[in-house]
Amino acid sequence: MREKADSELVRRQNRRIVLETLRGQGPQARIGLGRSTGLSPASITSISSQLIDDGIIVERHDAEILPEPNRRGRPQTLLDLDPGAAQVLAVKISIDGIELALADYRGTILHRGSSRLATYDADAAAFGGRVADEISGFLAEAPSPRGRLARIAIAIQGVADSRAGTIMWSPAFRARNIPVVEPVQKALGIACSISNDANMIAEGLDQRSRGETSAVVFMGYGVGMGLILDGKVYHGPTGAAAEFGHMNHLPGGALCRCGRRGCVEAYAADYGILRSAGTDDDSTPPPLSGVPVETMRKLESQARAGEPRAMEAYRKAGQAVGYGLARLVALLNPTRIVLSGPGTHAIELIRPHLM
Amino acid sequence: MAELRQNLVIDTVPIDTDMIIKGSIDSALRELDREVFSGGPVGKEAFALQQAV
Ligand SMILES: [Zn+2]
């Protein structure tokens with residue numbers, strides 16, 4: 001019994017390695033796949049024929065895929081993911097809007113759409129149902145090539161609790177702890193997950209396949225982080241694992257949106273920068289929603305024009321992020337850090353003060 | 001940061017809807033590879049059940 005369970009585990013693991021390699025590195029001949037995965041030719045032969053039988057991968061001729069000059073020697077048969085194996089749906093919810101994209105199993109986008117969806121004053125209990133309606137409407141209009149929808153991934157601005165399937169806090173909503181995953185799964189019967197923007201940007205970076213450790217720092221209405229450890233996005237138990245913005249920068253310092261004092265975010269989020277520039281009272285509570293883009297643009301131009309308080313506010317922001325990054329670097333030794341988010345519009349004001 | 005680590009690269013990537021959409025698609029596909037299709041026929045059954053809910 002034990003032996004059977006073990007061999008099942010090995011088979012699962014090998015299938016997974018093959019799928020991850022094809023996903024990360026693209027179509028490959030069996031021999032190349034053996035090299036990339038470290039699996040024996042016999043294992044590759046057996047796993048690939050299973051995966052072909054299961055309708056998950058397909059054989060393709062290299063002439064279909066590679067342009068002439070890249071082909072060498074005699075024609076080769078390559079293994080590739082079968083686009084018709086399944087479909088996935090990406091949903092991005094932001095202030096008063098929803099965007100949707102349906103993709104095949106190879107990741108090619110088949111259909112896109114967007115519509116207005118009132119968020120700020122949305123009723124927390126009804127919102128998930130509204131999202132489900134938007135999805136149903138979108139799917140009804142989508143072309144229907146092979147493959148059934150198997151997963152829905154929802155990205156939101158703000159803080160998501162991926163275990164509870166809720167939006168904990170978002171600048172797009174007045175309400176808190178808004179259930180999304182459960183109402184969507186209930187209405188559509190399809191597995192769904194929710195995560196924040198920074199994690200999704202981290203997921204989309206192409207360095208994962210090389211097994212690197214790197215971080216995406218999100219700057220804007222808040223300060224967040226998507227952390228990639230040895231090539232895998234680290235979500236932690238609730239999906240709010242890398243709360244870089246709430247690392248302490250200055251004990252007893254400026255009041256943060258989370259209620260504590262001295263967090264990185266209290267200096268480097270839009271509201272923190274705006275507050276430093278406008279007042280010496282760092283106990284002024286952050287605004288409930290995000291700071292309007294125009295307000296931040298105005299502050300940026302003041303700093304660029306050399307207005308001392310505005311310049312100082314960006315210096316403090318850079319310093320808070322920089323100290324945080326120095327700790328991250330000491331702890332995890334990343335090879336790459338990506339700064340992202342609307343706050344990077346002012347990156348040239350911040351960057352010189354990172355260290 | 002240069003003093004801390006010679007080979008650390010710090011890039012700026014402006015936030016962009018397409019990146020978030022691409023990341024969401026990638027994450028859903030990887031979850032599918034890992035949790036459904038690695039399992040083979042068993043995984044396919046689970047997949048079918050999920051559809052039937
Ligand atoms: Zn905080």
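Predicted model: local features only at pLDDT ≥ 70, side-chain atom pairs only at ≥ 80, totals over all residues.
Trainee: Which residues are the protein donors of the zinc ion?
Mentor: H246(A) donates through ND1, while C256(A), C258(A) and C263(A) each use SG. The donors lie 2.1 to 2.3 Å from the zinc ion, and their spacing along the sequence is H-x9-C-x1-C-x4-C.
Trainee: Where are H246(A) and C258(A) in the chain?
Mentor: Both sit in the loop between β14 (232-234) and α8 (265-268) of chain A, twelve residues apart.
Trainee: And why is the arrangement tetrahedral?
Mentor: Because the angles subtended by the four donor atoms run from 100 to 125°, and the tetrahedral range is 85 to 135 degrees.
Trainee: H246(A), buried or exposed?
Mentor: Buried, because its relative accessibility is 15% and the cut-off is under 20%. C258(A) has 37%, so it counts as partly exposed.
Trainee: Switching topic: what does the domain assignment give for chain A?
Mentor: Domain 1 (2-80), domain 2 (87-190) and domain 3 (205-353). The centres of domain 1 and domain 2 of chain A, taken over C-alpha atoms, are separated by 33 Å.
Trainee: Where is T119(A)?
Mentor: In the loop between β6 (109-116) and α5 (124-141) of chain A. T119(A) is buried, with 0% relative accessible area.
Trainee: What does the side chain of T119(A) reach?
Mentor: The backbone oxygen of A172(A), at 2.8 Å. Beyond its neighbours within four places in sequence, T119(A) has contacts including I93(A), D96(A), F127(A) and F173(A).

How values were computed:
Residues numbered from 1 in each chain as written. Chains lettered and ligands numbered in written order. Heavy atoms only, no water. Donors = N, O, S within 2.8 Å, 3.2 Å for Na, K, Ca; no water. Tetrahedral: all angles 85-135°; square planar, octahedral: opposite > 155°, others 65-115°. Helix = DSSP H or I, 4+ residues; strand = E, 2+ residues; numbered from the N terminus. Buried < 20%, exposed > 50% of the residue type's maximum accessible area, 1.4 Å probe, protein only. Domains from an automatic or database assignment. Polar contact = N/O pair within 3.5 Å; in protein donor to acceptor, adjacent residues only side chain to side chain. Contact = heavy atoms within 4.5 Å.
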